[in-house]
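Biologist: I would like to learn how to read charged pairs and domain contacts in a model. Please go through them one by one.

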Amino acid sequence: MALSIFDLFKVGVGPSSSHTVGPMIAANRFLDELQHRQQFEQVCKVKVRLYGSLAMTGKGHSTDVAVLVGLMGEMPDRVDPDQVPVFVTQIQQTGRLNLAGQRLIEFRVDEHLLFQFGESLPKHPNGMRFQAFDAAGLVLHDAVYYSVGGGFVLSDAEVDQQAAIADSVTLPYEFNSGAELLALCKQSGMSIAQIMLENERVWRSDDEVRAGLRNIWQVMDSCIRRGCAETGELPGGLRIKRRAHELCEELRNNPEASFKDQLTVMDWVNLYAMAVNEENAAGGRVVTAPTNGAAGVIPAVLAYYDRFVHGSSEQGIFDFIATAAAIGMLFKKNASISAAEVGCQGEIGVACSMAAGALCAVMGGTIEQVENAAEIGMEHNLGLTCDPVGGLVQVPCIERNTMGAVKAINAARLAIRGDGKHHVSLDSVIETMRQTGVDMQDKYKETSQGGLAVNVVAC
């Protein structure tokens, strides 16, 4: 499967790539299929059913909101986050939904958007079913989709076709394992980032790639700045106070602290990650990197590079993102980036691995050291569960991003101080993560049925 850098890094809204971004995309796909089948004008009612993790933590992850807004034709990268509550209130008050922004249909949320608690569809924990009916109540279109992590959405048929049908796109430097990627770099004399940028030429020009990478970083940086400016409590009922603003003010007002405590830089990294994930928890605009639940790790480490690493540059930022994407692709292809499938090791763990390898690369690491850094980043996140309190992407998710970012920096530093030789390969740790995810009990996979979610009082 040919993947682009911009498949791993998408602009969207919080709080979840699999539970918010994915369902919004799925709703739009359903609308497109109705148009293609020339059935759109006949639709009088739509019913949506959410299964598995989408049902169990859908309320806390705003899955219901995402479906409603998606059925209105809004997309994650374009919707105004401030308008989303307005859209939802209108639907709830009127019992009508403006389908694709073109025609009003009857839509009573409690009746037409159903959480199928305790039920799962067979091919992935994040399943959803969309049905459209005509005036006589007959089904016009019935479609099943799976939100498989990171905003990726597959239809029921596409899940089966993934393994059976080769991708139509041929890349000049195709790789499906860390070993293959290293071999390509050695044969070509190119870095991992250069390999990735060459592959991107299949889809877009060099100027378009640079503009896209610049936009990714600008959205990340803007998210950090917004998170540092906002105050108050996060939505959802846990009454979690935003902490980034207060920490930012403290660091800005005491610049001399860095002379007394050299670990003050760690406070800044914590701040960057916290700011992003508070914005994500509030439904703000973030970059899926590679998921929303882990959206703070890579921006925090990239901001550390931009602000604290001598010699940082825009090209370094581009190389960082490209290198991170290559590592993320290996996890996407060979394991999973979905917490509902493998636990939080597939989100924070993967983001940590991506950030560690990318930082090592832009700090001058060899390709062997980059692979080592990525391996260290995941090895010490193996078995990490996903157990959000109250089904919200807040506790322990926000602090977990700070830990992932700091761990990534340490992994990069460990690797760059070594010679690139190590006992555990990146491919081995990816396979171990996959196996651990298979063995992990479902209650630890974004269902809020185990771990902290049941041992911490939610209200």
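**Salt bridges and the domain interface**

Modeller: Arg239 is exposed, with a relative accessible area of 60%; by the rule used here, exposed means over 50%, buried under 20% and partly exposed in between (1.4 Å probe, protein chains only). This is a predicted model, where local features need pLDDT of at least 70 and side-chain atom pairs count only at pLDDT 80 or more, while totals for chains, interfaces and linings use all residues. Residues are numbered from 1 along each chain as its sequence is written, and side-chain values use heavy atoms, with hydrogens and water left out.

Biologist: With which residue does Arg239 form a salt bridge?

Modeller: Side chains of opposite charge can pair when their charged atoms come close. The rule asks for a side-chain nitrogen of Lys or Arg within 4 Å of a carboxyl oxygen of Asp or Glu. Arg239 pairs with Glu233, and their closest N and O atoms are 3.1 Å apart. Glu233 is partly exposed, at 44% relative accessible area.

Biologist: How many salt bridges are there in the whole structure?

Modeller: The search finds 28. One of them joins Arg201 to Glu198, with the closest N and O atoms 3.2 Å apart. Arg201 is partly exposed at 46%, and Glu198 is partly exposed at 26%.

Biologist: Which residues are joined into one network with Arg307?

Modeller: Start with the pair itself: Arg307 forms a salt bridge with Asp306, the closest N and O atoms being 3.4 Å apart. Arg307 is partly exposed, with a relative accessible area of 29%, and Asp306 is partly exposed, also with 29%. Through shared partners, salt bridges link Asp221, Arg225, Asp306 and Arg307 into one network.

Biologist: Now the domains. Where are their bounds?

Modeller: Domain bounds come from an automatic or database domain assignment. Here domain 1 covers 17-161 and domain 2 covers 178-444. Their C-alpha centres lie 30 Å apart.

Biologist: What do domain 1 and domain 2 bury between them?

Modeller: Buried area is the accessible area (1.4 Å probe) that two parts lose on being put together, summed over both. For domain 1 and domain 2 the value is about 1200 Å², with 55% of it on carbon and sulfur atoms. In terms of contact (heavy atoms within 4.5 Å), 19 residues of domain 1 meet 17 residues of domain 2.
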